[in-house]
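User: Please take a close look at one strand of this chain and its surroundings. I want cut-offs stated with each term.

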Amino acid sequence: MKRFIPILILFTGLSFSSLAQSTAGNPEDESAKYIKSYPNPATTSVNLEFQRSYDKTFYLELYNFMGKKVLDLRNLSQRTNIPLTNFYRGLYFYKLCDKNGRIIENGRFQVVK
């Protein structure tokens, strides 16, 4: 019985982690991503460029490493440049959403100053 519990926990964890995977595909597969962020790490500005077709109703929310929303971008273009003058050093996360608020993609970039 002692061996059964860790195995059950392992399989339960694996099944939950598979449910949590992004529908955009493998995160390592750049061709499946909607947005490419560069340079990474960034010092003065970061570019967010759509790799696939997009809807003009998409919007982007940017969060710092503590989960605080630092920027909300509406009316995105094919390539958006974000100046980092008011950003602190650290890791930032973005989420791309459609007009209904459904998350299309998540991503991250690092700011080094």
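The request concerns strand β3 and the sheet around it.

User: How many residues of β3 are buried, and which strands does β3 pair with?

Analyst: This is a predicted model, in which local features need pLDDT of at least 70, side-chain atom pairs count only at pLDDT 80 or more, and totals for chains, interfaces and linings use all residues. Residues are numbered from 1 along each chain as its sequence is written, and side-chain values use heavy atoms, with hydrogens and water left out.

Along the sequence the pattern reads α-β-β-β-β-β-β-β. Of the 113 residues, 31% are buried. Buried means under 20% relative accessible area, exposed means over 50%, and partly exposed lies in between, with a 1.4 Å probe and protein chains only.

Now β3, residues 59-64. Six of its six residues are buried, so β3 is largely enclosed by the rest of the structure. In a regular strand, side chains alternate between the two faces of the sheet. Both faces of β3 are covered. Y59, E61 and Y63 are buried on one side. L60, L62 and N64 are buried on the other.

Next, the partners. Two strands count as paired if DSSP finds at least two bridges between them. β3 and β6, residues 90-97, pair antiparallel over six bridges. β3 and β4 also run antiparallel, over four bridges. L60 has a bridge partner in each: L96 in β6 and L73 in β4. L62 stands opposite L71 in β4.

These strands belong to an open antiparallel sheet of four, in the order β4-β3-β6-β7. β4 and β7 (103-111) stand at the edges with a single partner strand each, so one side of each has no neighbour in the sheet. Neighbouring strands here are turned by 20 degrees against each other on average, direction ignored. The axes behind that angle are lines fitted to C-alpha atoms, for helices over the stretch in contact; angles run from 0 to 180 degrees between N-to-C directions.

Then the turn out of β3. The hairpin of β3 and β4 has four residues between the strands. There G67 takes a positive phi near 90 degrees. F65 sits in the loop between β3 and β4. At 54% relative accessibility, F65 counts as exposed. With M66, L91 and F93, F65 makes a nonpolar surface patch of about 420 Å². Patch residues have over 30% relative accessible area and no salt bridge; like charges are joined within 9 Å, nonpolar side chains (Val, Leu, Ile, Met, Phe, Trp, Tyr) within 5 Å. A salt bridge is a side-chain nitrogen of Lys or Arg within 4 Å of a carboxyl oxygen of Asp or Glu. Areas come from the Shrake-Rupley method with a 1.4 Å probe; for residues, only the protein chains shown count as cover.

Finally, a link to the other sheet. L73, the bridge partner of L60 in β4, is among the residues that T80 touches. T80 also touches V46, N47 and L48, not counting residues up to four places away in sequence. Contact means heavy atoms within 4.5 Å. T80 lies in β5, residues 79-83, and is buried at 14% relative accessible area. β5 belongs to an open antiparallel sheet in the order β1-β2-β5.

Note on methods: Helices (H or I, at least four residues) and strands (E, at least two) are DSSP runs, numbered from the N terminus.
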